[in-house]
Amino acid sequence: MREYKIFDNIPTKVWEDSYPVGNGRMGATVMGHTDEEVLYLNEETVWSSAPSVTANPDMSEKLRTVRQLFVDGREAEGDKLAKEFLKDCFTRIRSYETAGQLKISLHENASCRNYSRTLDLMRGVATIEYDKNGSHYTRECFASHPDNVIAYRVTSSDAPINAEIFYEREKMLSVNASGNELFAVCKTVFGEHKFCVRARVVTDGTVKCQNGVIFVSDTQSFTVYINLATEFRFGDKFESSALLPEGKSYEEILSRHVEDFSAIMSRADISLPAIDELEDISMHDRFNVLKCNKLMDGGLIMLQWQVGRYILASSSRAGCLPANLQGLWVNNLANAWSADYHTNINLQANYWPAEVANLSDCHTALFDYMNEYLFEPGKETAKVGYNARGCVVHHLSDIYKFTTPADGLWGIWPHGASWLSYHMWEHYLFTKDKEFLKNEAYDFLREAAIFFVDTMVENKDGYLVYGPSTSPENRYWVKDENGENYACYLTLSSTMDVGIIGGLFRNFLDASEALGISDETVSEIENAYKRLPPFKVSSSGRIQEWTEDYEETEKGHYHISHSFAHYPDTAIGKGTPELREAIRKTIHGRIYGGNNASGFSALNVGWSLGWIMGHLARLNEGNLLYDMVINFLWNCSSPNLWDISAKCWQIDGNMSFVSGVCEALIQSHEGVISLIPALPDVWKDGSFRGLRARGGYELDIEWKDSEVVNISIRPDFAGEVTLELPARQKCTTFCDGDGNVYNVTDGKITLNLTAPVTLSVE
């Protein structure tokens, strides 16, 4: 297993440079100061809540009035009326919060020699080392999933340790220290949801407690074990639920953690041309070299790729909640965009790489959230707010089952549930798990689809359209009643609406066929599917973003909503060449369109760059994709490889980067498994291991001079599969270990697999 470590030789100055550890449910960010350690603690349910909100029962009639203005072609009037008419239909949610800071004071000053801090991505362990007063200090931190604990250990080679351990947080109700434990009870800012933090010190030295502080002395080693428990999860018994390991040594707990975590991380890897001299320098220096000399640092790209996998493995485990905007880790009580579940791309982008990057079991946290937190509330919102059947979720949610419109006009966007349902369908395509499709996915797909059957109306051309809706978060120019330019948010059936609804209907019908279901709902959706409007090409040759060929207000907008049908969906592809070319022009327009009015553009927002990478991969534009990879490293990535391109760290950029690279190396959405379909010239030699393809396949491949030379494919099921090689590789001959010969015909090899097979160029 290749080692992947983020390394720096200067202490952290800001939280955004810290190192995260997590076990899915809880975690910490490690600051790594010399004089003291600061652990920002997190638990996924430490989250403020607003008063309980249900949909406005008057919303359906108000929407009908606004919709009619759009049907009549009076867009500006409809948009203006909606701002006034619907303002009492929008509410706000509250923020996910930090669980406070556990501080470990170690030295009187910060001076030291030979400082280093490392995050081992394969083992899930953060380490700080330095020399001080003739002694070598080592500090380790990890969050164990098997033992449900955060562990922090300090050792000194020679000098005795004297440490103080204490806890800080606003809204703290109590903190006590006795024996060898510290126990704090706190509450959230809004809603006053209680939680507790329990920390235990294990050492062969002296432990004393006073005024809520633990004092450690006369030792060269001590370990702090930490657990958190919330009222949200455990009710009145939360204080007794923060359990800590009993009867296990630090070495046992660490070993169990490493075995568990490395088993996930070691499933997949990529190998790209790297510069050996850069592998052992600090991240700050490495980024300076990248930006000053513009070297092709393939090792840094590989690290960035594995960081995304590390984040998902650390913040989204089976039985937990899904990763939020910041995964698991925040440092404030009120965080940017509430660190919530934004469902107009961000939550979805968090999980784009889950299947292909061999993290399918991390995907299940999202499905549980959809079924347990969104499904029934979404049905209630559809019933009360729209007088409709089905399930609807708007552009954001939280752990309190929020599904109603939020914030402002952009909050009327109705595709939280419909877009999320794609993830269930993709999980089925990759795993062929019919029990999952039947028992966990099908009802959600059905209810998300039937909502639109009930809420679409016929337009003047006889098509079924939905509205009012938006093309997040873009606007278009129209003339208002005074002949003045007006920037309009709302519309009827934006191209994203057409793409999401069309794909949702198609997925539902395909799921019904796979399960052998044919009923009235299937017939309803089949009939509605046939009446959806087509995609259009604008006068500029691009995919038209709205029903009419309006001019957008922001040429370089970071949402590329009208491209949805090409990526992440598959409705537009090689089988629709005219639309595919329009997508190409659309993506190039976003790349070269410049900043929008807010100062963000498609090239300086991480998740937008990742989205563009996915498009370019499917357009087979590997060299331009590589430019986006480098742009991500230059403009979005910090020395700890977090994406900090927006107001804060957001993991959607990290995760869409992973999926974008994967799309360059393997695609399986058009009936074949396409190998290195968008390989940049600078990656002419390389390999990958453990990437997954739809149909239930795991592959390792190696390429040289941009041609595939070795293929190992492991099927989950017996059957026929077609591999597509790069366009230049039309006539290669492969053979397997038994001497059987496989000829490439028109760039493809068809295999009838009953067991794993390895092919090599003859």
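The model is a predicted one. Its largest nonpolar core holds 228 residues, and the count of aromatic pairs comes to 32.

**Nonpolar cores**

- Within the largest nonpolar core, of 228 residues, L41 and F222 touch the most other members. Helix α10, spanning residues 434–455, supplies the largest share of this core, with 11 residues.
- Beyond residues up to four places away in sequence, F222 touches I104, L106, Y152, R153, V154, I161, A163, I165, V201, V202, T203 and V216.

**Helix α4**

- Helix α4 covers residues 250–265, and its 16 residues should span 22 Å at 1.5 Å a residue; the end C-alpha atoms are 22 Å apart, which agrees with that expectation.
- The buried residues of α4 are Y250, I253, L254, H257, V258, D260, F261, S262, I264 and M265.

**A four-stranded sheet**

- Four strands form an open sheet in the order β24-β25-β29-β32, and their pairing is mixed. Its edge strands, β24 (666–667) and β32 (748–753), each pair on one side only.
- Strands β25 (residues 673–675) and β29 (residues 719–724) pair in the parallel sense over 2 bridges. The bridge partner of S674 is E724, which lies in β29.
- In general, the strands of a sheet pair through backbone hydrogen bonds, in either a parallel or an antiparallel manner.

**Two buried loop residues**

- S637 lies in the loop between α15 (622–635) and α16 (651–665). Its relative accessibility is 8%, so S637 counts as buried.
- The side chain of S637 makes a polar contact of 2.6 Å with the side chain of Q304. With neighbours within four places in sequence left aside, the contacts of S637 are F287, Q304, F632 and W642.
- P680 lies in the loop between β25 and β26 (686–693). Because its relative accessibility is 0%, P680 counts as buried.
- P680 touches G622, N623 and Y626, when residues up to four places away in sequence are not counted. From P680 to D736 there are 56 residues in sequence and 28 Å in space, C-alpha to C-alpha.

**Aromatic pairs**

- A pair of aromatic rings is described by the distance of the centres and the angle of the planes.
- The ring centres of Y386 and F451 are 5.0 Å apart and the planes lie at 90°, so this pair is edge-to-face. The pair links distant parts of the chain, as Y386 belongs to helix α8 (residues 360–386) and F451 to helix α10, 65 residues apart. Both Y386 and F451 are buried.
- F451 also forms an edge-to-face pair with F452, at 5.1 Å centre to centre and with 80° between the planes. F452 is buried, as is F451.
- Ring pairs join W352, W413, W419, Y422, F564, Y567, W607 and W611 into a cluster.

Methods:
Residues numbered from 1 in each chain as written. Predicted model: local features only at pLDDT ≥ 70, side-chain atom pairs only at ≥ 80, totals over all residues. Heavy atoms only, no water. Core = buried A, V, L, I, M, F, W, Y, C linked by side-chain atoms within 4.5 Å. Buried < 20%, exposed > 50% of the residue type's maximum accessible area, 1.4 Å probe, protein only. Contact = heavy atoms within 4.5 Å. Pairing = 2+ DSSP bridges. Polar contact = N/O pair within 3.5 Å; in protein donor to acceptor, adjacent residues only side chain to side chain. Expected span 1.5 Å × (residues − 1). Phe/Tyr/Trp six-rings, centres within 6.5 Å; stacked < 30°, edge-to-face > 60°.
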